Amino acid sequence: MFAALANPARFMAFSRWAAPILGVLGAGLVGYGLWLGLNAPPDYQQGETVKIMFIHVPAAWVSMMAYACLGGASFFSLVFRHALADAAARAVAPLGAIFTGIALVTGMLWGRPMWGAWWVWGDARLVSVLVLFLLFLGYMALRASIDDEAKGARAAEILALVGLINLPIIKYSVEWWNTLHQGESVMRAGGSALAPVYLTPLLLTGAGYSLAFGALWLARIRAEVWRRRATSLALRAALA
Amino acid sequence: MIDHALSVGKYAAFIWPAYGASAVGFAWMIVDTLARARRWRRKADSLEKHKES
């Protein structure tokens with residue numbers, strides 16, 4: 001499937017119908033998940049702030065997924081010199097930055113009433129997610145700072161690959177260090193620690209965020225393909 | 001049901017800004033993505049037509 005979609009014409013034909021379908025499905029799942037989540041009973045420890053979990057946790061999941069996509073696309077672009085992979089890498093970075101920003105802001109708004117602090121610099125989970133946010137910004141800044149687009153892409157893609165090391169650090173930070181952030185409670189050995197009344201809306205919003213991310217990513221790759229086509233045509237017109 | 005969903009008690013000052021920030025983030029991503037796609041598609045189409053003529 002990836003080999004077939006690596007052809008830009010096939011990708012454009014596929015994404016033309018796939019992006020809106022993913023977007024509508026994602027919006028439906030997020031809407032239904034939030035409806036169930038907002039009607040869930042208060043948690044015995046967190047009270048009503050548990051309702052922040054249904055938007056915070058999916059944003060954090062998708063931010064890591066977006067970085068994995070950035071790393072994967074960068075790898076294919078660097079190794080196979082594939083233009084569509086480079087377009088995919090460029091397209092995913094702003095989305096990853098926004099999802100990470102949402103995870104950070106909603107996490108702070110949960111932490112203030114629960115921990116008594118907006119931010120804790122000594123917490124490995126918080127700091128490693130902040131590093132993820134800075135990696136997305138760094139990727140975009142590096143690309144934008146080099147006039148030669150190909151050289152900028154190469155430099156940013158190397159940065160993206162180096163930054164992949166941060167993903168296992170984020171994932172296992174709550175196990176490797178004593179953190180204020182709670183440990184893994186959904187995807188863990190022995191099953192989820194969450195009651196179904198919280199787990200169901202969380203999984204629905206998680207699936208919805210993922211599909212919405214997929215829709216936005218496809219649409220941004222399409223925009224990037226058109227941008228490159230327009231740039232190439234403008235250059236040819238100028239040289240003619 | 002709606003009243004129950006919207007009543008978040010003393011933590012409203014934290015919960016609604018969190019939902020608001022998420023909504024703003026999603027709105028930006030959707031608007032920027034669609035605007036970018038529309039702008040570059042139009043530009044590519046117009047250059048293509050110019051090239052053909």
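Author: Happy to, and let us begin with a term we will need: a crossing is left-handed if the near helix is turned anticlockwise from the far one by less than a right angle, and right-handed if clockwise. Please keep in mind that this is a predicted model.

Reader: Thanks! Which hand does the crossing of helix 4 of chain A and helix 8 of chain A have?

Author: Helix 4 covers residues 83–115 of chain A and helix 8 covers residues 196–239. With the near helix turned clockwise from the far one counting as right-handed, the crossing of these two helices of chain A is right-handed.

Reader: And are helix 4 and helix 8 of chain A roughly parallel, roughly antiparallel, roughly perpendicular or oblique to each other?

Author: Their axes come within 8 Å and cross at roughly 135°. Angles over 145 degrees count as roughly antiparallel and 65 to 115 as roughly perpendicular, with the rest, once those under 35 are set aside as roughly parallel, called oblique.

Reader: Which element gives the largest share of the side of chain B that touches chain A?

Author: The contact takes 32 residues from chain A and 27 from chain B. On the chain B side, the elements that give two or more residues are helix 1 (2–6) and helix 2 (12–52). That side has 16 nonpolar, six polar and five charged residues. The largest share, 21 residues, comes from helix 2 of chain B.

Reader: How do helix 3 of chain A and helix 2 of chain B pack, and is their crossing left-handed or right-handed?

Author: These two helices pack at an angle of about 30°, with their axes 9 Å apart. A:K51, A:I52, A:I55 and A:A59 of helix 3 of chain A make the contact with B:I15, B:A18, B:Y19 and B:S22 of helix 2 of chain B. The residues of this contact are six nonpolar, one polar and one charged. Helix 3 of chain A passes helix 2 of chain B in a crossing that is left-handed.

Reader: Back in chain A, are helix 5 and helix 6 roughly parallel or roughly antiparallel?

Author: Helix 5 (residues 124–145) and helix 6 (residues 149–163) of chain A have axes 8 Å apart and an angle of about 165°. The cut-off for roughly antiparallel is an angle over 145 degrees. Helix 5 and helix 6 of chain A are therefore roughly antiparallel.

Reader: Is A:L84 buried or exposed?

Author: A:L84 lies in helix 4 of chain A and touches A:A6, A:P8 and A:F11, residues up to four places away in sequence not being counted. A:L84 and A:A6 are 78 residues apart in sequence, yet 6.5 Å apart in space from C-alpha to C-alpha. A residue counts as buried when 20 or more other C-beta atoms lie within 10 Å. A:L84 has 21, so A:L84 is buried.

Reader: Last one: what is the phi of A:R81, and where is A:R81 found?

Author: A:R81 counts as exposed because there are 11 C-beta neighbours inside 10 Å. Most residues other than glycine have a negative phi. A:R81 is not a glycine, yet its phi is positive, at about 55°. A:R81 is found in the loop between helix 3 and helix 4 of chain A.

Key
Residues numbered from 1 in each chain as written. Chains lettered and ligands numbered in written order. Predicted model: local features only at pLDDT ≥ 70, side-chain atom pairs only at ≥ 80, totals over all residues. Axes fitted to C-alpha atoms, helices over the stretch in contact; angles between N-to-C directions. Helix = DSSP H or I, 4+ residues; strand = E, 2+ residues; numbered from the N terminus. Contact = placed C-beta atoms within 7 Å. Nonpolar A, V, L, I, M, F, W, Y, C, P; charged D, E, K, R; others polar. Buried ≥ 20, exposed ≤ 12 C-beta atoms within 10 Å, placed from the backbone.
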